[in-house]
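This report goes through selected local features of a structure. The sequence and the coordinates come first.

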Amino acid sequence: MMMELLIKNGFVYDPINGIDGERVDIAIKDGRIVERVDERRAEIIDASGMIVMPGGVDLHSHIVGGKVNSGRLLRPEDHRKDYEVKTKVTRSGVGYSIPSTFTTGYRYSRMGYTTVMDPAIAPLKARHAHEELNDTPMIDKGFYPLLGDWWFVLEFIRDGKIEECAAHVAWLISSVKGYAIKLVNPGGLEAWGFGRNVDSIDDPVPYFNITPRDIIRGLCKVNQLLNLPHAIHIHTNNLGKPGNYTTTLDTMKCVEDLAIDDKPIAHVTHCQFNAFKGVNWKTLASGAPEIADYVNKHKHVTLDMGQIIFTDTTTMTADGPFQYILYKLTGNKWVNSDVETETSAGIVPIRYRRASYANAVQWSIGLELALLIKDTWKVYLTTDHPNGGPFTEYPRVIAWLMSRIARERTMKRLNKRAVAKMTLPSIDREYTFYEIAIATRAGPARSLGLKNKGHLGVGADADVAIYDVNPKEVNPSRQYKLVRRAFRRAAYTIKSGEVVVKNGEIVKSMMGDTIWCNIHVMPSLAEDVAKGLKKRFREYWTVEYDNYPIPEKYLSISYPMEIKAKV
Amino acid sequence: MIILRPKKEFKAPIIAECISPDVFMGKSIDEVAKLKVYEGNKERTLGELFNFSYEKEPEDKIMIIGDVSKVRKIGFNMRKGEIEVKGDVGMHLGAEMKGGKITVFGSAGSWAGSAMSDGLIEVHGSAGDFLGAPLRGSTSGMSGGTIVVHSNVGDEAGAYMRDGSIRIHGSAGQFLGLRMRGGAILVLGDADSRAGAFMTGGRIVICGTLRSLLPAFTIEGVRPSIKVGPEKVSGPFYLFVGDLTEGGDGQLFVSKVRNPHLSPLVTKVMAGE
Amino acid sequence: MSTSVVQSVTCPICGSFCDDLELTIEDGRITKVKNACAMGEAKFLYAPDLKHRWLKPMIRKDEELVEASLEEAVKKAAEVLAEASYPILYGWSSTCCEAIRVGIELAEEVGGVIDNTATVCHGPSLQAVQDVGLPICTLGQVRHRADVIVYWACNPWEAHPRHIERYTYFPDGRFQSSMWRRYLTRWGMLAQRKRILRALSTHPYIKAILPPLARYELSPELFVKGRKLIVIDVRRTRVAEAADYFIQVKPGEDYELLQALRALVRGIELEVDEVAGVPVKLLEEVVDVMISCDFGVIFFGLGLTMSRGKVRNVDLAIKLTEDLNDRSKWLIAPMRGHFNVTGANAVFTWQTGYPFAVDFSRGYPYYNPGETSVVDILLRGDSDAALVVASDPVAHFPKKAVEHLVKNPLVVIDPSKSATSLMADVVIPSAFVGIEAEGTAYRMDFVPLPLKKVVEPPAGLLSDEEILRMILHEVRKIKGVA
Ligand code: SF4
Ligand SMILES: [Zn+2]
């Protein structure tokens, strides 16, 4: 039996519905926000003096799948220092930078997050991702299959067959139960198959006679043909290389003409890592002002920060060549994992140090992006977990965004040469709670096209976070530590209408939905795709056609979004 | 001084990181007896497993009399005071130790002195594998302090060592000083093969026979004697440098007299120079 | 008579985990197996046979195993586990991930140590990965791109019969083609050459009527173009016969050989003429091949992980591979044995952070092979009860470990009548996963695939997963948390 809930007296921040800290009561019934409930029957949560927000939405966090699990395997020393003991309601597990599945769910929930997307799954290993999602409680979730180097995509784009390409992408996303199109160093990963890379969006991909530009534009068109809810999600070429901000600008520019209306068509992810100026690590500087300038003038792109935290963490991306460079730079242990016909991956542990010039610059770039881009709806809070730092450190980022003093305090401890060059000290802007609500829930939810998430209007999913900080009494600029503490441990997290966290502790374990896109193309086209694939499948992969798609019953709670494509 | 005597022969492993002068100091016997330990998966108190007696002096000493070879983590993270064990002791003795002294009149299990940074561990019997070495995945080995083992030790003694010293009166297993970056290891007995694998710094001295030398070491010369800490050990010793595949310049001293099997190689290389 | 054909069936035997089998089912029995190797075929045809299995749960009473009801057996198993101070839960690599997930939950609930068979095969490889990482790829990547393939201390022809044919030397790929024809030609010519040489040696006068011997030398063409196969082992196995280069290493000296290769790859001259019984000249030649290829891969087996040096052999093999990437593209992969040992490692890792040897005795996952690995636990005599799932430690563990294992209460869940099950106190027979029950398993390169149910299990037999769930439920009842 579903309970009725009434959250009373809280200061509500619900940007999608334009509610900015007003006292509004939130009524919940059967897992949804409703107009009203019967106060005598409902459970009342007294949120006086607290902030009420929609549940957090994270659109880029590496939490499941082959690569993440290899990262877990790689780092026993990361787990030993941070473990969770089994309780009556929770399973045990470990942290720190790559938490085990249960722990991932609990930790997100404790921070008031209710929806999380994993941004990089090799389609061939999608089954693995689903198995882990089935063991990741508390949150709704999904993933983006890696498609930017899939041979079918490269070949169809090369041959100018965008509709066939779209139909194949539709087949793949629906088969593996993914959510959006992900590109990582497009073309570069195919080149990495032979240990090579591409160095600009116009550098041809070996053996395929196309360029990254062709791939990006091609998949952008595919995305539009398929009517997918999210834009194409791009990790640009040259990530992690000094001077790469020009590649990022090129990437954003190259789809400019494809924009229709004001709808964003490209999401450039963990932008900090691809906003480097300078010619080498010694001359590294921030390209954030240039990128912010471009984003301020254009409507077709959105970003997320990819903020770094000064801690010991683990980098993991599908960008095999980048991870190899990082391994050579750090000398740390290195995992590489190439996937036939599709993609690659790499993992290297890293420690970001305050005393390091390069790391200090990186730290400033993430914050500069968030502060220089005027429209908060265009830039979301991430650390590219765990690449910039574990998601459990988001409250730290919130404090930096909301408080100049917090930033200054950190800067005092940073590499002096780096600080002397930063733009950041001259930026006065401080996020409001309303803007934090955009950056951590409303914005990502809108970007993902999740209509029932990221807001508290009637009909929305009853995913709510309540934080014990009084916006009328606390000045976040000065009392940022209070804010930070409040965001670390939600006073309440409500998932699908049930209280799952109280005072930062899990009180009830539950399973969220796995959200995926079921894309319908024209039946005749779909038939052709199936026929063609069946014939050529063994040529491309070492598994059988029948064993590739993942049946819906495999998902512990399936939530398909039915999508009608234009083809 | 608090004296502990096991009440029975233990079967399941006992995790007792509370057995440390840092924890005992300032506590009455009753309080000490209430400290929590694990016997397998059952939570127990020290008092359920040990009998206690008390002597006034010295104040910061713990003595254990009896077989505690199933008891792990004794002296874990210890900073001061003294532990003396009359009997065999289990794994992780003095792991991450930062000061004080542990003496064992018996043998110690694996990971004794694991990643310790200061203090002294002296084992009068033998020690297991991974003496002074960190746990799997970590590269932070022993960074200070001293370990003395009067009998033999197992494999990978001194792995990832950065500083401090290890002295082994008996023989050492394979991979002595694996990935060592600094500090000194002295073996009075023999060493099994692969000593110094991946080493990039520090010094290993083997007074007995080294079973075989790795191909990535090169002969630097012969030395009549060598200093290990304050002590001068007389040779003559072959001095090899390696591990070249790691670009390392770790020093591996091997007794000339006890290793005639190395002499053809040495002669050949020295003649070639 | 009803006949049906099931396609794309995965083979629940070795780590190659072929998924292209075609089974013919007649009247609920598998009568024909297509595409499998002999090992795979035998399993499907004969394993389900009732002769080799328990058909009823058994409980030991007065030294004898006697039939019991499922409820009774489950209850007894739960009691054994719930009461123990330090139980071990072992096996897991021959069952599906779904069962393993429940197994870990059970281990956590009873505060036991859970370990999988990696502990006695590729455990050292996993530990080496934790020290230095692992550049690896899926097998299709090898098929499409590899022009140098190294098998080190493994004999795929016997242990993974279709590995070479499906993934490495013999299949066609996008950038590389099959070496099958070359292999046959070379075999043919070698055989012919041998015959002639023999003839020459026995009948010197034939020489006069034959063309010069040089005509029968192998054409250099056969060695230059296409993929190359390098085999390194202590003995000349069948795969060594097919190789372009065979390096016979002295037993127990793989580490030295690896270090010599690594030195050569890094351009360091060796001061010795021979390492591990192999002339340095040959090593130099092989290293030349290795650094001048487009894509190389090393597959290694138990000869590396279980011989002198263990973890460190693999550690160094990985370092060698990492260094080779300065020169060309190189990857390395373990030849995993059981069809789902990789899956066991995967599930362990995502639920607990560690791939095997996980100790829950303090309510959270703790891992330290040597301390928490079951063989070591048994040798020290730490445990006081055991659950064995789909594995046969009595047949494979050291004698002293087995003695301790059977001295304490022992529960076995297994589809077949294993040596371990004969020594057990409680036996709960299960359905064969991948034949009589479905699930998920991971190929040796971490590619997950479905296990299919193609026939019904014998009446009354449940899957491992279902049995484990019942035990877990019973344990919770005993502990008062259900
Ligand atoms: S190679 Fe292995 S998986 Fe393939 S058919 Fe033979 S036994 Fe089965
Ligand atoms: Zn990312």
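## Basis

This is a predicted model: local features need pLDDT of at least 70, side-chain atom pairs count only at pLDDT 80 or more, and totals for chains, interfaces and linings use all residues. Residues are numbered from 1 along each chain as its sequence is written, chains are lettered from A and ligands numbered from 1 in the order in which they are written, and side-chain values use heavy atoms, with hydrogens and water left out.

## Zinc site in chain A

Three residues coordinate the zinc ion (ligand 2) at 2.1 Å: His60(A) and His62(A), each through NE2, and Asp384(A) through OD. Donors are N, O and S atoms within 2.8 Å of the metal (3.2 Å for Na, K and Ca); water is not among the atoms, so sites may look incomplete. The spacing of the donor residues in sequence is H-x1-H-x321-D. His60(A) and Asp384(A) are 324 residues apart and link distant parts of the chain. His60(A) lies in the loop between β8 (56–58) and α1 (66–74) of chain A, Asp384(A) in the loop between β22 (379–380) and α13 (394–402). Helices (H or I, at least four residues) and strands (E, at least two) are DSSP runs, numbered from the N terminus.

Buried means under 20% relative accessible area, exposed over 50%, and partly exposed in between (1.4 Å probe, protein chains only).

## Helix α18 of chain C

Helix α18 of chain C spans residues 399–407, and its residues Ala401(C), Val402(C), His404(C) and Leu405(C) are buried. They cover an arc of only 165 degrees around the axis, so they sit on the same side of α18(C); the arc is that of the directions from the helix axis to the C-beta atoms. The face turned away from this buried side carries the exposed residues Lys399(C), Lys400(C) and Lys407(C).

The buried residues of α18(C) pack against β6 (87–91), α16 (374–380), β18 (385–389), α17 (393–396) and β19 (410–414) of chain C. Contact means heavy atoms within 4.5 Å.

## Helix pair α5 and α8 of chain A

Helix α5 (residues 151–158) and helix α8 (residues 212–226) of chain A pack at an angle of about 95 degrees, with their axes 10 Å apart. Axes are lines fitted to C-alpha atoms, for helices over the stretch in contact, and angles run from 0 to 180 degrees between N-to-C directions. The angle makes α5(A) roughly perpendicular to α8(A) (angles under 35 degrees count as roughly parallel, over 145 as roughly antiparallel, 65 to 115 as roughly perpendicular and the rest as oblique).

On α5(A) the contact is made by Val153(A), Leu154(A) and Ile157(A), and on α8(A) by Asp214(A), Ile215(A), Gly218(A) and Leu219(A).

## Backbone geometry

Chain B has a cis peptide bond between Glu57(B) and Pro58(B), with omega about -15 degrees; Pro58(B) is in the loop between β5 (50–54) and β6 (61–65). A cis peptide bond also joins Gly242(B) and Asp243(B), with omega about -5 degrees, and Asp243(B) is in the loop between β16 (231–242) and β17 (250–255).

In chain C, Asn35(C) is not a glycine but has a positive phi of about 75 degrees. Asn35(C) is in the loop between β3 (29–34) and α1 (38–46) and is partly exposed, at 34% relative accessibility. Trp92(C) also has a positive phi, near 75 degrees. Trp92(C) is in the loop between β6 and α3 (97–110) of chain C and is buried, with a relative accessible area of 0%.
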